[in-house]
Amino acid sequence: MKGIIMVILVFGQLQDITGTDTLHIKQVEGKKQLSDALFELFPRLQETKFVIAIDRQIIDGDAPIGPNACIALLPPFSGG
Amino acid sequence: MENALVYDRYQRQLSLKGFGLEAQQKLLHARVLVVGAGGLGCPVLQYLAAAGIGQLGVVDPDRVSLSNLPRQVLFSDADIGRQKVDVVRERLQALNPALQLETWPYACDAAFALDIFPHYDLVVDTCDNFPTRYLVNDGCWLTGRPLVHAAVSEYEGQVAVFNLPDKLGIPGLHYRHVFPSAPSPGEVRDCAEAGVLGMLPGIIGCMQSFEVVKVITGIGEPLRNRLLTYDTLRHRQLVVNILPASDAFPEMPTSAEDYLRFDYGHFCGLPQYAGIEVEASVLHPDMRIIDVREPGAWPTIGLVHEYIPLSQLEGVLQLSPGEEVLFVCRTGRRSLQAALLMKERFPLSRSYSLKGGVQSLSSLKKTILP
């Protein structure tokens, strides 16, 4: 897994925190590790509601992340 | 409606492969409740009425305002100040006289949901705030109504179908399976704060109304237990499957009694701000007025006042006990944050927020100026 870079799509106002719509970070093995890595890079994410989708699935709790997984950060929207 | 008229009116839908008379009859017999006649509600109502939905219900407490017009395309300049549901009634009846229409000029609350949701086949959430979104979600779950959800943020939108049983009768998931609890106030900016281009709710509202048609007629695959996020700037689109959350939802009312008592404002972290949010009528000429918008904000207030942006307020402003300050912004939301912040830092000061923001400027001027 070393040296592999994950691509993470960032949606909504989370982009205000990440500064980009696409993040590239070092491969991690699971969702928990991913959120830890994201919180370290962007501490403001800790105070923000969002879900992590892995391979187009929103899974409650921890989940493994394979190489080349499709990862997205999705916040709730309220506008109408 | 006579069959010949149905055939003429809906000819393009009837001749569509996979749709036809059977699907059209389902639309003509369907009852759909739309919560909110705003940016999403306008296209949803317009297209559903045009497509031949038999009965539409619309609940919305607001009146048409000037800033609605670029996106709420059912309304025109001459409608400013009128109750939205009254204008909706006029426009939709003109569009399709066979439509049965029920309208309510107030906000959807728990009592309304328990009373009215059961009379409709499905509910469409086109509202513009989290408390109502959770209220509608929980109400649909309690009354067993499918919910077609959509929401927008800046250049992006989300659409999903909740609470829809599958063909075997297995219940659908609901909004809380994705977002069990609401973000704190100010975390997600709404259209009034973050801005929006009218085409976005137009696009997302059309997707949402298409989901309504799919649920009613059974064509295609509705976004059942799936969340679509669409990014108009880059044409990115992502559909994700929602899996059941393993935990129960401790913060979700499970009975009608709990539901009626549940405080959705509190659940969404809205502070109790009675006495802090004020109308222009409480003002007097000696009151200190502080505009908390960023520099260059428009429209200007045109009164003697100070500018201290919300982001700098904490370091700059000192208030003495008993001092009265009125905070002002464009909508009344940032000024509320300012007033709450100052109330916390200087509990003996009297910090107020002008309800409705600069938009209520004309009444402010009348009150203060001789």
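Here are a few friendly notes on the domains, the chain contact and the strand pairing of this predicted model.

1. Some ground rules come before the details. Residues are numbered from 1 along each chain as its sequence is written, while chains are lettered from A and ligands numbered from 1 in the order in which they are written. Because the model is predicted, local features need pLDDT of at least 70, side-chain atom pairs count only at pLDDT 80 or more, and totals for chains, interfaces and linings use all residues.

2. Chain B is split into domain 1 (3-267) and domain 2 (277-368), with bounds that come from an automatic or database domain assignment. Their C-alpha centres are 35 Å apart.

3. Chain B brings 39 residues to the contact and chain A brings 23 residues; two residues are in contact if their C-beta atoms, placed from the backbone, lie within 7 Å. On the chain B side, α7 (130-143), β5 (147-153), β6 (156-162), β7 (226-231) and β8 (236-242) each give at least two residues. β8(B) has the largest share, 6 residues. Helices (H or I, at least four residues) and strands (E, at least two) are DSSP runs, numbered from the N terminus.

4. Strands pair if DSSP finds at least two bridges between them. Here Q57(A) has N241(B) as its bridge partner.

5. Within chain B, strands β2 (residues 55-59) and β3 (residues 100-104) run parallel, joined by 5 bridges. L56(B) is partnered with L101(B) in β3(B).
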